[in-house]
Amino acid sequence: MNDPLHRAQARFARWQLARTPGISTVKPARVDARRVTLKPHARLRVGARSIVEAALDFEREGAVITVGENTFIGASTFKCAARIEIGR
């Protein structure tokens, strides 16, 4: 899907995710922002050169998902109640 509406939605989702407190991604990392569901005080950290195409669902307040450097996460779903760490 490379139509203008899809690109605009993806750009808005990335912008919204970048403005969210608790979200930390290194510039060359890629996260499909449309598939992230946050709760208050939840944190997401994505390391350099990582690609996250999974749905990330934060079940509780204060949940933390950490993705290390050089990590690829494809089509999957992660539901986090406390903490998930992937990669190094």
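## D57 and its strand

D57 sits in strand β6; strands here are DSSP runs of E with at least two residues, helices are runs of H or I with at least four residues, and both are numbered from the N terminus. With a relative accessible area of 17%, D57 is buried, a label that means under 20% relative accessible area, while exposed means over 50% and partly exposed lies in between (1.4 Å probe, protein chains only). Leaving out residues up to four places away in sequence, D57 touches T37, F78, K79 and C80; contact means heavy atoms within 4.5 Å.

Before going on, please keep in mind that this is a predicted model: local features need pLDDT of at least 70, side-chain atom pairs count only at pLDDT 80 or more, and totals for chains, interfaces and linings use all residues. Residues are numbered from 1 along each chain as its sequence is written, and side-chain values use heavy atoms, with hydrogens and water left out.

## The three-stranded sheet

Strand β6 belongs to an open sheet of three strands, ordered β3-β6-β9, with parallel pairing. Its edge strands, each pairing on one side only, are β3 (36–37) and β9 (77–80). Two strands count as paired if DSSP finds at least two bridges between them.

Strands β3 and β6 run parallel and are joined by two bridges. V36 has L56 in β6 as its bridge partner.

Strands of a sheet pair through backbone hydrogen bonds, either parallel or antiparallel.

Strand β1 is joined to β4 (residues 43–46) by three bridges, and S24 stands opposite R45 in β4. Four bridges then link β4 to β7, where R45 has T66 as its bridge partner. Another step, also with four bridges, leads from β7 to β10, and there T66 is partnered by E85. E85, found in strand β10, counts as exposed because its relative accessibility is 56%. From E85 to R11 the distance is 27 Å, C-alpha to C-alpha, and the two residues are 74 residues apart in sequence.

## The nonpolar core

The largest nonpolar core has 20 residues, of which L44, V46, V52, L56, F58 and I65 touch the most other members. Such a core is a set of buried Ala, Val, Leu, Ile, Met, Phe, Trp, Tyr and Cys residues joined through side-chain atoms within 4.5 Å. Two or more residues come from each of α1 (4–18), β4, β6 (55–58) and β7 (64–67).

Setting aside its neighbours within four places in sequence, L44 is in contact with G22, I23, S24, L56, F58 and I65.

## The largest pocket

Rolling a probe the size of a water molecule over the atoms shows where empty space is left. The largest pocket holds about 240 Å³ of space. Its lining consists of R14, L17, A18, I23, T25, V26, K27, A29, R30, V31 and A33. The elements giving two or more residues to this lining are α1, β1 and β2 (30–31), and α1 provides the largest share, three residues.

For the method, a 1 Å grid is laid over the protein atoms alone: a cavity is a set of points where a 1.4 Å probe fits but cannot get out, a pocket is an open set with protein on both sides within 12 Å along at least five of seven lines, and lining residues have an atom within 4 Å of a point. Grid points are joined across faces, edges and corners, and a volume is the space filled by probe spheres set on the points.

## Two loop residues with positive phi

Most residues other than glycine have a negative phi, and most peptide bonds are trans. H41, in the loop between β3 and β4, has a positive phi near 65°. At 66% relative accessibility, H41 is exposed.

N70 lies in the loop between β7 and β8 (72–73). Its phi is also positive, about 55°, although N70 is not a glycine. With 43% relative accessibility, N70 counts as partly exposed.
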